[in-house]
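The following note is intended for a colleague who has the sequence and the coordinates at hand. Its points may be read in any order.

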Amino acid sequence: MPLTRPDRERIEMLVAALETEYGPATDSARVEIVRAPGRVNLIGDHTDYNEGFVLPAAIELDTWIAFRRREDGLVRVASRHSREPGSFWIDDLTAEHEAGGDTRQPRENDGGAAAGAAATATVRRSSHWSDYVAGAAWSLREAALPVRGFDGVVDSTIPIGSGLSSSAALEVASALALLGAGRVLAAPSLAALAQRAEVDYVGVNCGIMDQFASAAGREGRALLLDCRSLDTRYVALPFGVRVVVCDTGARRELRSSVYNTRRAECARAVALLAERMPGLCSLRDLDAAWLARHRALLPDNVARRAEHVVSENARVVTTASALETGDLDELGRLFAESHVSLRDLYEVSSPALDTMVEVARAIPGVVAARMTGAGFGGCTVNLVLADAVPALKAAVSREYDRRTGLRGRVYPVAIVDGAGPLAMI
Ligand code: GLA
């Protein structure tokens, strides 16, 4: 990746921060830098943990770690976004469920910078941003990969808590740093290790989409991912269409608890329907007609969750084709259906998300708009003709802010390559 001038400034700033935090470099300790991008999901929400299809893209908002490797297993890590550095010994790390009972608490997927001690072995952890780094170290160690400690500084341009996968990016970047920037791991393995960090160490029961997009993204392309086989197909965007993320600025209080409830409802649907389809192990294997015929076997709310997942899977595959053929009307229709399905069947939208989508759709040149990610606040994703981006920005700051009392933000985002080493200095 050619370095731009802002990239070089960011490197200088990180190297300076590293020296301030941990002292000047010795001869043997050169500075390495790794980066991992955030992601936006074009379509296919709440399908990944049902072994279905998703269509995310890695975006230019990203997380960098500048670090110097250590000879021992100590990790010391500071962040430009938190006053509280973290530190831990890799050998001491134990997942909470290993340390006695499953005490996992649902919490914000993107991880805030809450105060607390660094994650260590048997001490009941309080939440700290460096848990994502420790989780990556734990996961790599569990996979018997050679990991060494480092002194590092994190810098991220991904807004925390907005649903753009700042936590996945931190996990993926941390895994790269722990392996050493020179060591290459195939993107699917990197993604699976980072996901394990989040599920088993941090305790957020997410699917694989976010980490996979961060690890395996490709410049200018969305990534059609089959979450069962992990087969991928890269899909180019129609010429002249930009991806624009609109952040509602809304807090996401219910997010993690509802996320877990929805997962349980999907599992319940599978268990009940398996009585009629022996061997059924995920909603991925159902088609809409079969589900409609057997709907009466399910409580109404569970049936609606299943209907969303089944229809959303089909929409993902159709969207990939519509992107390839440049069928903008079809893209608009598919995004609209996805939003309604997430709002009415899966019930994970919010008034702020609905308003953001409504405001965007009223702008000529906005091809498609929908909520994206887990829901309950966070962001919408929009496909926008390049020359309509200024009108969308203006409408959000005028209309959306007035109607909701919140402060919306608009990010036209370039689609970039997945995670990797950036530079060695
Ligand atoms: C979060 C999770 C993902 C996925 C989305 C919803 O981002 O981390 O695994 O389930 O929600 O599509």
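1. A salt bridge is taken here as a side-chain nitrogen of Lys or Arg within 4 Å of a carboxyl oxygen of Asp or Glu. On that basis the structure, which is a predicted model, holds 32 salt bridges.

2. One of the salt bridges joins D151 to R70, with the closest N and O atoms 3.2 Å apart. D151 belongs to strand β6, whereas R70 sits in the loop between β3 (56-69) and β4 (74-79), so the pair ties together parts that are 81 residues apart in sequence. D151 is buried at 8% relative accessibility, and R70 is likewise classed as buried, at 17%.

3. Helix α8 (residues 300-325) contains the pair R304 and D300, four residues apart and thus separated by about one helical turn. Their salt bridge has its closest N and O atoms 3.0 Å apart. R304 is buried, with a relative accessible area of 18%, while D300 is partly exposed at 42%. Both residues also belong to a network of salt bridges that links R262, E265, R295, D300, R304, R305, E307 and E347.

4. E337 and R315 form a further salt bridge, in which the closest N and O atoms are 3.7 Å apart. Because E337 lies in helix α9 (residues 328-345) and R315 in helix α8, the pair ties together parts that are 22 residues apart in sequence. E337 counts as partly exposed at 35% relative accessibility; R315 counts as buried at 7%.

5. Which residues does N50 contact, leaving aside its neighbours within four places in sequence? They are C266, S282, L283, R284, V309 and Y346. N50 is placed in the loop between β1 and β2 and is buried, with a relative accessible area of 5%. A polar atom of the N50 side chain lies 3.0 Å from the backbone oxygen of H46.

6. A144 lies in the loop between α2 (131-142) and β6 (150-156) and is exposed, with a relative accessible area of 68%.

7. Helix α3 (residues 166-179) reaches 20 Å from its first C-alpha to its last, close to the 20 Å expected for its 14 residues. Of these, 14 of 14 are buried. G180, with a positive phi near 95 degrees, follows the helix.

Key
Residues numbered from 1 in each chain as written. Predicted model: local features only at pLDDT ≥ 70, side-chain atom pairs only at ≥ 80, totals over all residues. Heavy atoms only, no water. Helix = DSSP H or I, 4+ residues; strand = E, 2+ residues; numbered from the N terminus. Expected span 1.5 Å × (residues − 1). Buried < 20%, exposed > 50% of the residue type's maximum accessible area, 1.4 Å probe, protein only. Contact = heavy atoms within 4.5 Å. Polar contact = N/O pair within 3.5 Å; in protein donor to acceptor, adjacent residues only side chain to side chain.
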